Amino acid sequence: MRLIKCLFACSLSALLLWGLTSPISVGSSTIPPLGDFFNPFSGFWKNAESGKSPLPNLADALPGLQAPVEVVFDDLMVPHIFAQNLHDALMVQGYITASHRLWQMDISTRRSSGRLSEVLGKRTLELDLKMRRRGMVYAAQNELEAWKKSPESLAIMEAYCAGVNAWINNLDPADYPLEFKLLGYKPETWTPLHSALMLESMADNLASGESDLASSNALAYFGRDTFNYLYPEWNPQQTPVIPDTGQWANIKPLVSMSDSSASLLSGALSHADGFWGENPINIPALDAYLYGSNNWAVAAAKTRDGNPLLANDPHLNLTLPSIWYQLQIHIPGNNSYGTSLPGIPGIIIGFNNDIAWGVTNVSHDVSDWYRITWTDASRQTYLVDGKKMTPRVELQVVKVRGQADVTDTLRFTQWGPLTNEHDPTHPLRDHALRWLTHDQPPPTQVLSFLGLNKSKDYNGYKASIPSFDCPAQNFVFASTNGDIAIQPQGKYPMRRKEQGRFLLDGSRNSDAWTGFIPQEHVPSMLNPSRGFVSSANQHSTPPTYPYYFTGNFDDFRGRRINGRLTGLQNATIDSMKNMQLDNYSQKAADVLPIMLRYLDPSKLDAEGREMVVELSRWDYRYDADATAAPFFEVWFDSLYVGVWDEMMYLKDQKKEILFPEPWRLIELMRTDSAGVFFDLRSTPEVKETAVDMVNMSFQQMAVYFKNNPEKQTDWASFRGFVIKHLGLIDAFGRSDVKVGGHKSAPNAMAVSNGPSWRMIVELDKPVRALGVYPGGQSGNPGSMYYDNMVNTWAAGEYFDLLFLQSSGEAGKRELARHTFQPSN
């Protein structure tokens with residue numbers, strides 16, 4: 001018996017040892033050996049930080065450093081870098097950023113380059129193939145080739161990369177970030193191509209929106225007159241970024257503005273491919289690609305203390321680690337503070353002693369689909385103006401953890417890659433993607449933000465931004481000398497009217513872009529008489545602008561912001577806070593009075609009448625504790641679905657079709673309440689009107705809450721909110737935060753999308769600035785600096801940003817300091 005027990009114990013120990021030292025397959029994923037992860041000397045225990053010092057493993061010397069660099073860490077663990085030249089400052093920026101965000105940098109570039117499957121297995125294979133077929137690596141390689149044409153640009157990127165690699169080379173496996181240990185792989189050498197991939201990931205996020213197939217299908221289905229009725233491109237209530245003050249009256253466009261001669265090819269009315277979102281009653285997510293960023297600058301004449309004020313809050317998908325990393329760079333002739341993107345040198349949004357700047361997405365459509373005409377069924381050659389063309393072929397080898405490599409073929413036409421040809425059922429199988437980000441950018445694009453970092457005035461601002469091309473951004477500006485300005489800066493295709501709104505004919509060069517809008521014709525505004533400039537992802541200009549553009553533009557936040565700025569006097573930093581935190585929905589203010597006016601109270605039960613009372617008292621603010629907001633949200637969504645039942649029918653049949661924008665429905669309710677589209681297709685014997693649809697949708701809303709009583713709660717609980725971990729590890733995210741806000745309010749908030757950085761700057765001498773983002777400086781879930789700003793952000797509070805003029809003045813806010821010496 002004793003021998004049997006001994007053998008059993010030995011077998012159990014051997015099995016446990018095997019389990020701790022062998023990878024484990026779970027479904028399509030492979031978990032690395034757990035013994036390594038739980039090792040008390042090198043496993044995840046090593047990532048638990050004790051105490052407050054952020055400097056446990058920083059090197060004393062860095063190879064390639066030209067002079068000593070001193071770094072002061074403040075009480076938010078923000079590094080303030082004091083260097084004697086730009087090369088050293090950016091090298092240390094790369095080193096410090098990698099020390100806090102290395103895994104974030106690694107996994108982000110893996111996603112952009114289609115290399116997630118190397119570490120995550122076959123579950124990410126389809127995403128990897130999609131990113132490769134969209135030409136993300138091709139775009140990054142073009143970015144790198146552009147840098148090579150500018151010795152200054154390449155030197156900057158190499159200095160930053162040298163800093164990142166100095167950190168990587170200093171790491172022992174025991175010191176790897178937690179996610180590397182959890183996934184069982186090690187960091188790789190950082191190259192300028194990695195940084196280019198980081199930039200391309202932003203272009204993919206902010207400059208890839210288009211609805212060419214859906215628009216073509218809508219045109220084919222409804223015909224031209226009805227299409228124009230349902231889908232006007234200009235909202236007459238819109239307040240554009242750059243209003244028409246006569247500044248382009250003498251511009252003669254370099255392309256004809258007559259109707260496009262494109263063939264307006266209709267799509268296949270199929271294969272929706274993820275266009276639709278999910279919500280309580282399955283409403284199509286029309287604005288799924290809208291990011292609610294805001295920025296503005298207020299002239300000194302409108303402020304209490306006579307100093308310009310600048311505010312910026314870019315709204316993006318919120319993750320932990322945060323998308324942003326704060327820092328200060330101090331070198332001779334340049335002292336700037338703000339947020340950077342991990343993997344990219346310099347400061348993206350920030351200020352210096354003389355100016356402040358910020359950005360929002362312009363939201364122009366800069367991609368088109370061109371139908372390819374093959375010469376025969378083999379699809380090996382295609383025609384352009386009768387000439388045979390052969391696609392360029394690239395073989396892509398995708399490494400997949402736990403299985404054999406996958407080989408994929410990517411083909412490029414003169415228009416761009418054939419991104420969907422591997423799916424024979426895809427309606428865009430025979431279409432090539434012409435996307436601006438594939439083009440080689442100006443060699444000095446990477447210098448744009450570094451130029452802003454050191455600019456002293458408006459002239460410096462104007463000289464810095466022209467080389468920035470994609471994703472186009474609204475660059476807002478203010479200076480201590482009193483100037484304010486804004487410019488939607490980017491590289492914009494010159495198109496005929498409606499060219500690029502629909503699928504295009506790739507068999508003729510006449511459908512190609514005819515060039516790009518000249519830089520001198522890009523709209524801008526300096527010191528307007530109204531006393532402010534602003535942007536909120538709305539139209540860049542009114543239709544009087546001499547060049548055509550299309551895109552996905554917001555119709556509500558800009559109106560609210562401009563309305564408030566117009567009436568603003570004696571503005572202060574607190575005024576700017578109030579505007580950034582504004583939960584007022586212009587959409588609700590536009591439509592709810594109409595809905596209530598059309599509602600017949602005699603048809604409501606007691607519970608319905610109570611809902612009406614609450615809705616009537618609502619102030620259109622999506623505050624966290626607002627109990628009427630869920631009623632309106634479901635009521636309007638039910639109304640929207642009911643009115644556009646024609647589109648919903650096609651959607652249910654898996655057809656891709658364009659839905660009219662919400663503002664258009666509101667306008668039709670006001671101006672054409674008996675219009676044909678208020679008539680339900682399911683009741684041919686009855687002709688419904690807007691009044692009927694409002695009453696029917698109210699009943700649907702009441703039934704929804706009756707069947708889901710747990711949803712009858714405050715707005716924050718109804719919508720929910722989560723800041724997800726970048727690797728979707730729930731334990732490393734935050735789902736315990738309650739916030740208000742709505743995508744139609746200046747405080748644009750969704751379930752996992754919102755203000756990624758709030759910044760307010762008063763252009764006084766000295767400059768004063770406040771800021772906060774929903775995260776922390778560290779990317780280590782075991783650090784107290786991982787999410788230490790989340791609660792402050794959620795409460796609508798800010799931190800005073802410590803802007804040092806010398807390394808010795810941090811005082812009580814100094815957390816630690818470190819000096820890097822040249823390695824020799």
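Mentor: What follows is a set of questions about a predicted model, with each label set against its cut-off.

Trainee: How many helices and strands does the protein chain have, and what share of its residues counts as buried?

Mentor: The protein chain has 23 helices and 30 strands. Of its 824 residues, 60% count as buried. Residues 24 or more positions apart make up 72% of the contacts with a separation of 6 or more.

Trainee: Why is Asp354 called buried?

Mentor: Asp354 has a relative accessible area of 14%, and buried means under 20%, so Asp354 is buried. Asp354 is placed in the loop between strand E12 (349–352) and strand E13 (355–361). Neighbours within four places in sequence aside, Asp354 is in contact with Ser455, Lys456, Ala478, Ser479, Thr480, Leu763 and Lys765.

Trainee: What makes Asn570 and Lys654 exposed?

Mentor: Exposed means over 50% relative accessible area. Asn570 has 54% and Lys654 has 59%, so each is exposed. Asn570 sits in the loop between helix H14 (557–567) and helix H15 (573–580). Lys654 is in the loop between helix H19 (645–652) and helix H20 (662–671).

Trainee: What is the phi of Asn570, and what is the phi of Lys654?

Mentor: Asn570 is not a glycine, yet its phi is positive, about 55°. Lys654, also a residue other than glycine, has a positive phi near 65°. A glycine with positive phi can be found after helix H5: Gly135, near 80°.

Trainee: Which residues of H5 are buried, and what do they pack against?

Mentor: In H5 (residues 125–133), the buried residues are Leu125, Asp128, Leu129, Met131, Arg132 and Arg133. They pack against helix H3 (86–113), helix H4 (117–120), helix H6 (136–148), helix H9 (192–206), strand E17 (392–398) and strand E18 (406–412).

Trainee: Why are H3 and H7 called oblique to each other?

Mentor: H3 and helix H7 (residues 151–169) pack at about 50°, with their axes 7 Å apart. Angles under 35 degrees count as roughly parallel, and 65 to 115 as roughly perpendicular. The angle of about 50° lies between those ranges, so H3 and H7 are oblique. H3 passes H7 in a right-handed crossing.

Trainee: Which kinds of residue form the contact of H3 with H7?

Mentor: The residues there divide into 15 nonpolar, 6 polar and no charged. Among those from H3 are Leu86, Leu90, Tyr95 and Met105, while those from H7 include Ile156, Tyr160, Val164 and Trp167.

Trainee: Which residues have the most contacts inside the largest nonpolar core?

Mentor: They are Leu62, Val92, Tyr95, Trp324, Phe351, Met576 and Phe820, in a core of 143 residues. The largest share of this core, 11 residues, comes from H3. Apart from it lies another core, of 59 residues, among them Phe636, Trp644, Phe678 and Trp715.

Trainee: What is Phe351 in contact with, leaving aside its neighbours within four places in sequence?

Mentor: Its contacts include Tyr337, Trp357, Met759, Val761, Leu801 and Phe803.

Trainee: Which peptide bonds are cis, and where do their prolines lie?

Mentor: Pro471 is in the loop between helix H13 (458–464) and strand E20 (473–479). Another is the bond from Lys765 to Pro766, with omega near 5°. Pro766 is in the loop between strand E27 (758–762) and strand E28 (768–772).

Terms used
Residues are numbered from 1 along each chain as its sequence is written. This is a predicted model: local features need pLDDT of at least 70, side-chain atom pairs count only at pLDDT 80 or more; totals for chains, interfaces and linings use all residues. Side-chain values use heavy atoms; hydrogens and water are left out. Buried means under 20% relative accessible area, exposed over 50%, partly exposed in between (1.4 Å probe, protein chains only). Helices (H or I, at least four residues) and strands (E, at least two) are DSSP runs, numbered from the N terminus. Contact means heavy atoms within 4.5 Å. A nonpolar core is a set of buried Ala, Val, Leu, Ile, Met, Phe, Trp, Tyr and Cys residues joined through side-chain atoms within 4.5 Å. Axes are lines fitted to C-alpha atoms, for helices over the stretch in contact, and angles run from 0 to 180 degrees between N-to-C directions. Angles under 35 degrees count as roughly parallel, over 145 as roughly antiparallel, 65 to 115 as roughly perpendicular and the rest as oblique. A crossing is left-handed if the near helix is turned anticlockwise from the far one by less than a right angle, and right-handed if clockwise. Ala, Val, Leu, Ile, Met, Phe, Trp, Tyr, Cys and Pro count as nonpolar, Asp, Glu, Lys and Arg as charged, and the others, Gly among them, as polar.
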